[in-house]
Amino acid sequence: MSVTTPQGFEAAGVAVGLKSTGKPDVAVVVNRGPRKVGAAVFTSNRAKANPIIWSQQAVADRVVEAVVLNSGGANCFTGAFGFQTTHQTAEKAAELLGVSAGDVLICSTGLIGVGDEAFREKVLTGTAQAIAELSTDGGQSAAEAIMTTDSVSKTATITRGGWTIGGMAKGAGMLAPGLATMLVVLTTDAVLEPLEADAALRRATGQTFDRLDSDGCMSTNDQVTLLANGASDIVPDLEDFAQALTELCLELSVKLQGDAEGASHDITIEVQHAASEQEAVEVGRSVARNNLFKAAIFGNDPNWGRVLAAIGTTAAQFDPYDVDVWMNGVRVCTAGGPDRPREEVDLTPRATHIMIDLRVGDASATILTNDLTHDYVHENSAYAS
């Protein structure tokens, strides 16, 4: 149920002391198939970690042999030394795998500013150890090695017509879109051309990871990578493949949402009848990032006024006095005014559904978020200590 489920992929995860807990912290995923197609999307944060800078250059030719990932340190804002660490990691993996360093992507996650000499030594040691332990059963250990504040590993697979897609993801905080969120590796044994893989990945992330907005904080290290090796020898229908990839990415997105730091509610914000899909996303995101709304949901308070106040800050087309809002199936607001009594809304279940009807068009979009809790504040106030 992970990145090694498709044919022709190996992976491993090892512990080398980057994490104080002693848990696995370096992972490697390798493409052993006949084709080495790679595609990736990255954070759009202008403050980019060294692995992002490296990987953006390395994936430009759309050839990827392997991905090396570490938790326990972001290697971001660590200067030229940090970039050299990333370069040396790629070179170490390339040497041991017999490939070009320019075909190895690097991912790091953890505390920004961590990436000193000790970090370098452990990452290089872990890379060698993980490569020595590569196997077709190593997908789960790799998924565990990339966890940071995650409470569980996140993996998924889907099989269609003789080809398979597998995936692993990490992320529990700093989940906000910008071409991608968190760290994700996706693998497939389908036969894809480079541009086909890139298009399918961008479509899938645009409809899933890009719409997971847990806390509105964009990471410096976000990367989603797709590796396609053609080991199944099956050329998929491109629409079928894109739909399957989107389905798998949505499954991982929901798992990330369910493990968000300190959350007690998983909130689905559905926007209907918008003038465009882009405006539907804008409206949904305005609610997902509104701390007053998120605090109300934490308190099981169906405060629909905070929904209208949030969407009123957008440039989307709608009449604020002609909007309907549902909370967990109860229409609490109609035409910009009160509808059913608040007492009819039960917000005690973890799953929370908000539906906003703008009444101006035919477009829709769904945003995934969480509530704002005491535990979230505590965990992030103590993160570096």
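**View 1. Packing of helix α2 against helix α3.** In this predicted model, helix α2 (residues 79-97) packs with helix α3 (residues 117-132) at an angle of about 20°, the axes lying 10 Å apart. α2 is therefore roughly parallel to α3 (angles under 35 degrees count as such). Axes are lines fitted to C-alpha atoms, for helices over the stretch in contact, and angles run from 0 to 180 degrees between N-to-C directions. Helices are DSSP runs (H or I, at least four residues), numbered from the N terminus. α2 and α3 cross in a right-handed sense (the near helix is turned clockwise from the far one by less than a right angle).

**View 2. Residues between α2 and α3.** From α2, the contact (heavy atoms within 4.5 Å) includes Phe-81, Gln-84, Leu-96 and Leu-97. Among the α3 residues are Phe-119, Arg-120, Val-123 and Ile-131. By class, nine residues are nonpolar, five polar and three charged (Ala, Val, Leu, Ile, Met, Phe, Trp, Tyr, Cys and Pro count as nonpolar, Asp, Glu, Lys and Arg as charged, and the others, Gly among them, as polar).

**View 3. Crossing of helix α5 and helix α6.** The axes of α5 (residues 194-207) and α6 (residues 238-258) come within 9 Å and cross at roughly 40°. Residues of α5 including Ala-200, Leu-201 and Ala-204 meet α6 residues, among them Phe-241, Leu-245 and Cys-249. The contact of α5 with α6 comprises eight nonpolar, three polar and three charged residues.

**Notes.** Residues are numbered from 1 along each chain as its sequence is written, and side-chain values use heavy atoms, with hydrogens and water left out. In this predicted model, local features need pLDDT of at least 70 and side-chain atom pairs count only at pLDDT 80 or more, whereas totals for chains, interfaces and linings use all residues.

Definitions and conventions
Helix = DSSP H or I, 4+ residues; strand = E, 2+ residues; numbered from the N terminus. Parallel < 35°, antiparallel > 145°, perpendicular 65-115°, else oblique.
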